[in-house]
Amino acid sequence: VIVPRLTESYSSQQDPPDQDVPYCTLKSFPAVIEHTIQWARDKFESAFTQKPQLYNKFWSTHRSPSVALEKLEAGGNLEGVIQVSKMLTTLPLNWSQCVSIARAKFEKFFNHKARNLLHKFPLTTKLKNGSLFWQSPKRPPRPLDFDPSNQAHLDFITSCARLCADVFAIAYTEKDLTVGVLVSILSSAQVPKFVPSGKHIETDESVKKPESSAPSVSSDAIEVSQAKLKQAAAEGV
């Protein structure tokens with residue numbers, strides 16, 4: 001309550017500082033709708049802004065797969081080569097491939113992610129003090145099985161495929177967006193099988209999000225990139 005000449009005015013008060021949401025919460029253990037919105041925003045930025053920018057920047061510097069391969073084999077340090085070489089083998093060329101990419105992302109985000117969490121932390125998992133790992137505010141995930149008759153599922157496929165097509169300048173028509181065409185494409189789309197990941201899942205709320213500095217690259221990853229660049233050079237990409 002503000003009382004003239006008796007209490008502080010609004011202008012003399014300060015809002016409490018924003019509390020950063022723990023990195024592990026946003027990445028693996030969302031508890032409220034705001035967490036899921038931020039998670040979705042991060043995925044959008046990564047898939048449709050950051051990775052395309054990295055891809056364009058890489059080729060503006062190295063011009064072609066053969067040029068990049070020559071530099072890599074000479075021991076050069078090519079920033080972004082691991083990510084870019086992966087993208088080379090997954091670039092969509094038509095609308096059907098955009099839909100297939102969207103279907104794979106659905107499986108990764110809404111099925112495999114949840115299954116991997118439950119594989120790593122079964123419902124019976126307990127903390128050192130004997131309490132259950134999955135207790136408020138942590139919510140055990142529920143893997144979703146894709147259902148083309150579920151409007152939310154189909155909306156994700158449509159939106160993701162359209163964004164993918166827009167990024168890579170792939171034309172599509174109103175007919176391509178109809179349920180019949182989408183379901184037909186989805187019926188033959190290859191869906192990746194679930195394989196438990198050995199990656200560490202952070203649970204410590206005090207750990208900050210890693211800085212976007214260049215990650216360490218293994219020799220195996222370099223060899224894989226070389227093979228993909230060779231393939232792209234041979235195909236005249």
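Mentor: The buried positions are V81, I82, V84, S85, M87 and L88. These residues pack against α2 (33–62), α3 (65–73) and α8. The model is predicted, and α8 (residues 219–234) is where confidence is lowest, at a mean pLDDT of 80, whereas helix α6 (residues 151–167) has the highest, at 98. For the protein, the mean pLDDT is 87, with 88% of residues at 70 or more.

Helix α6 contains H153. This histidine has a relative accessibility of 9%, under the 20% limit, and therefore counts as buried. Apart from neighbours within four places in sequence, H153 contacts F106, L144, D145, F146 and D147. Two of these partners, F106 and F146, also belong to a cluster linked by ring pairs, together with W39, F109, F110 and F156.

The aromatic pairs number 16. One of them joins F121 and F133 in a stacked arrangement, with 4.4 Å from centre to centre and 10° between the planes. Both residues lie in the loop between α5 (95–120) and α6, so the pair ties together parts that are 12 residues apart in sequence. F121 and F133 are both buried. The ring of F133 also has the charged end of K138 over it, 5.3 Å from the ring centre. The charged end of K138 sits over the ring of F29 as well, at 5.2 Å from its centre.

Terms used:
Residues numbered from 1 in each chain as written. Predicted model: local features only at pLDDT ≥ 70, side-chain atom pairs only at ≥ 80, totals over all residues. Heavy atoms only, no water. pLDDT = per-residue confidence, 0-100. Helix = DSSP H or I, 4+ residues; strand = E, 2+ residues; numbered from the N terminus. Buried < 20%, exposed > 50% of the residue type's maximum accessible area, 1.4 Å probe, protein only. Contact = heavy atoms within 4.5 Å. Phe/Tyr/Trp six-rings, centres within 6.5 Å; stacked < 30°, edge-to-face > 60°. Lys NZ or Arg CZ within 6 Å of the ring centre and 35° of its normal.
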